[in-house]
Amino acid sequence: MAAVKATPKAEVTIKKDWCKGCGICVHYCPKGVLAMSENLKAEVKNPEECTGCGNCEIYCPDFAVSLRRIQ
Amino acid sequence: MLQINVENLRMQKLPHIWCPGCGNGIALSALTRAIDKLGYDHDEVAIVSGIGCSSRSPGYLNFNTLHTTHGRAIAFATGLKIFKPKMKVFIVTGDGDCTAIGGNHFIHAARRNIDLNVILFNNNIYGMTGGQASPMTPFGRTATTAPYGTVERNFDIMELAKAAGATFCGRATAAHPRLIESLIVKAAQNKGFSVVEAMLPCPIGFGRRNKLGGPVEMMKYLEENSVRVQKAQKMSEEELKGKFVIGEFYNKPAPEYIEEYDKIIAKLKK
Ligand SMILES: Cc1ncc(C[n+]2csc(CCOP(=O)(O)OP(=O)(O)O)c2C)c(N)n1
Ligand code: SF4
Ligand code: SF4
Ligand code: SF4
């Protein structure tokens with residue numbers, strides 16, 4: 001049986017133009033959803049793991065992270 | 001955004017000018033969320049600042065805003081509040097702005113217990129002018145004006161505010177953004193002079209010179225060395241060395257300046 005994928009609770013998007021690559025969202029995501037890309041911007045690596053905890057949006061100093069609830 | 005109301009921001013002014021990992025953005029975000037929770041109309045909120053990196057905040061906020069002169073945010077805010085007592089006034093000020101050049105305004109506004117909310121963006125340094133020591137640079141830390149470490153002891157703004165007469169005092173760090181938010185809500189609910197200190201990383205002006213690492217390391221440092229007020233009360237002075245106590249420090253009402261003034265006016269009009 002294939003591994004059951006977790007259902008994400010929220011959809012997270014990064015506004016690349018505003019992201020300054022500080023890495024704070026990556027540090028505060030408890031599920032490893034986010035990672036730094038090679039060009040030093042945050043990117044969504046494992047979207048299905050998102051629990052919708054809200055940390056990334058609240059900790060980003062640049063208003064570059066946006067969450068949307070998934071019903 | 002789920003938790004941040006973009007109507008509280010001047011989106012056309014973003015992205016902001018602050019450096020990567022600057023804690024100002026975290027505190028600014030907390031302030032917008034707190035105002036949202038308080039349910040105020042945009043028109044009844046005023047944000048007043050002095051000069052500094054942190055004092056650029058009002059430019060990004062979609063309320064009545066006033067970016068004044070260095071150290072004088074509280075003086076302008078006092079005038080505004082007396083003229084428009086219904087206005088909910090939030091002052092965004094840096095540690096230099098508030099406790100060096102603006103120190104006297106601070107203590108006397110506290111003494112009067114005028115209904116203002118000071119949100120002190122404490123990054124331990126003069127960020128905007130390139131890293132000079134402020135009265136809140138911790139003893140021994142390096143600054144351009146203290147290349148071998150400052151020999152001055154720093155203010156504890158919670159103690160100072162309380163001693164001067166503030167009626168609400170609380171402290172949080174960038175690593176505790178939800179606490180910054182809830183303290184601002186309580187500060188606004190207090191009818192009197194309220195102080196919320198937000199300890200924030202300045203990776204460029206303070207962290208780099210003091211070899212504190214990048215933004216994430218500075219956040220971890222704040223996280224790991226913070227102790228809640230309730231826990232701190234059970235700890236010895238020795239155990240508390242190098243720790244930051246966070247939470248609500250003081251919340252006790254006292255006669256408020258404008259209300260007392262109005263009583264005199266009413267009495268004399270009789
Ligand atoms: C009367 C006056 N004196 C000095 C300055 C130069 N100056 C601009 S910002 C600043 C200090 C800023 O430090 P702080 O208030 O801690 O804010 P930060 O930039 O760290 O957020 C100084 C000394 C000025 N603008 N006006
Ligand atoms: S909401 Fe929580 S789990 Fe989802 S990406 Fe953000 S920090 Fe990670
Ligand atoms: S916290 Fe914000 S600015 Fe920093 S890396 Fe993440 S998205 Fe970019
Ligand atoms: S100098 Fe410091 S306070 Fe100013 S924007 Fe840069 S990191 Fe922020």
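Predicted model: local features only at pLDDT ≥ 70, side-chain atom pairs only at ≥ 80, totals over all residues.
On the side of H4(B), the contact involves B:Phe106, B:Ile107, B:Ala110 and B:Arg111, which meet B:Ile157, B:Leu160, B:Ala161 and B:Ala164 in H5(B). By class, the residues of this contact comprise 7 nonpolar and 1 charged, with no polar residue among them.

A second pair is formed by helix H1 (residues 24-38) of chain B and helix H6 (residues 177-189) of chain B, which pack at an angle of about 45° with their axes 8 Å apart. H1(B) is therefore oblique to H6(B), and the crossing of the two helices is right-handed. Among the residues that make the contact are B:Ile26, B:Ala30, B:Arg33 and B:Lys37 of H1(B), together with B:Arg178, B:Glu181, B:Ile184 and B:Gln189 of H6(B). The residues of the contact of H1(B) with H6(B) divide into 11 nonpolar, 1 polar and 4 charged.

Chain B also contributes the residues around ligand 4, namely B:Trp18, B:Cys19, B:Cys22, B:Asn24, B:Cys53, B:Asn123, B:Gly127, B:Cys202 and B:Pro203. When this shell is sorted by class, 6 residues are nonpolar and 3 are polar, whereas no charged residues are found around ligand 4.

Technical notes. Residues numbered from 1 in each chain as written. Chains lettered and ligands numbered in written order. Heavy atoms only, no water. Near = heavy atom within 4 Å. Nonpolar A, V, L, I, M, F, W, Y, C, P; charged D, E, K, R; others polar. Contact = heavy atoms within 4.5 Å. Helix = DSSP H or I, 4+ residues; strand = E, 2+ residues; numbered from the N terminus. Axes fitted to C-alpha atoms, helices over the stretch in contact; angles between N-to-C directions. Parallel < 35°, antiparallel > 145°, perpendicular 65-115°, else oblique. Left-handed = near helix turned anticlockwise from the far one by under 90°.
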